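Reader: I would like to learn how to read the features of a model like this one. Please show me the structure and take the topics one by one.

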Amino acid sequence: MSRPPRPPKPTPAELGLLRTLWRLGPGTVKQVHELMQRERPELTYATVLRLMQVMHGKGLLTRDESQRSHVYAAAQAQGSLQTRLLDDLIHKAFSGSGKDLVLAALRGGRVSDEERAEIQRFLEDTRDD
């Protein structure tokens with residue numbers, strides 16, 4: 001028995017819309033547009049509608065058509081998609097080495113002092129497991 005194909009990787013615009021839906025939960029185009037417009041005021045309703053329709057066609061979104069205003073939801077949980085994207089990045093950019101990814105992030109100045117402390121606590125907590 002074969003597994004269903006995984007949805008394609010989202011484009012940057014699609015990933016931005018997914019982040020909005022993960023925060024909002026299932027929502028209408030109007031709700032998603034209003035939330036996204038707070039960060040990108042130039043974004044039109046028509047653009048959000050078209051993007052959501054395309055994403056539904058690609059399998060990135062589900063759509064409940066039982067109500068007058070269709071309700072869209074992310075087809076994958078945030079953690080699941082992030083893990084898949086991270087696995088792809090580790091494989092392609094770091095030759096499969098998670099350690100090299102972590103070291104690059106720590107050396108690149110993208111980790112705040114608070115985040116470093118949280119990472120340190122995580123490492124200390126998991127050392128006992």
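Author: Start with the domains, whose bounds come from an automatic or database domain assignment. The centres of domain 1 and domain 2, taken over C-alpha atoms, are separated by 28 Å. Domain 1 covers 12-74 and domain 2 covers 78-126. This is a predicted model, in which local features need pLDDT of at least 70, side-chain atom pairs count only at pLDDT 80 or more, and totals for chains, interfaces and linings use all residues. Residues are numbered from 1 along each chain as its sequence is written, and side-chain values use heavy atoms, with hydrogens and water left out.

Reader: How do I read a helix, and what span should α4 have?

Author: Helices (H or I, at least four residues) are DSSP runs, numbered from the N terminus. The expected span is 1.5 Å times one less than the number of residues. For the 16 residues of α4 (residues 78-93) that gives 22 Å, and the end C-alpha atoms are 22 Å apart, which agrees. Just after α4, Ser95 has a positive phi of about 50 degrees.

Reader: Which residues of α4 are buried?

Author: Buried means under 20% relative accessible area, with a 1.4 Å probe and protein chains only. In α4 these are Leu81, Arg84, Asp88 and Ile90. They pack against α1 (12-24) and α5 (98-107), where contact means heavy atoms within 4.5 Å. An α-helix has 3.6 residues a turn, so residues three or four places apart point the same way.

Reader: What is a nonpolar core, and how many residues does the largest one have?

Author: A nonpolar core is a set of buried Ala, Val, Leu, Ile, Met, Phe, Trp, Tyr and Cys residues joined through side-chain atoms within 4.5 Å. The largest has 16 residues, and Leu17, Val32, Val48, Met52, Met55 and Leu61 have the most contacts inside it. At least two residues of this core come from each of α1, α2 (29-37) and α3 (45-58). Leaving aside neighbours within four places in sequence, Met52 is in contact with residues including Leu17, Leu21, Val32 and Tyr72.

Reader: Is His33 buried or exposed?

Author: His33, found in helix α2, is buried, with a relative accessible area of 10%. Not counting residues up to four places away in sequence, His33 touches Leu43, Thr44, Tyr45 and Val48.

Note on methods: Buried means under 20% relative accessible area, exposed over 50%, partly exposed in between (1.4 Å probe, protein chains only).
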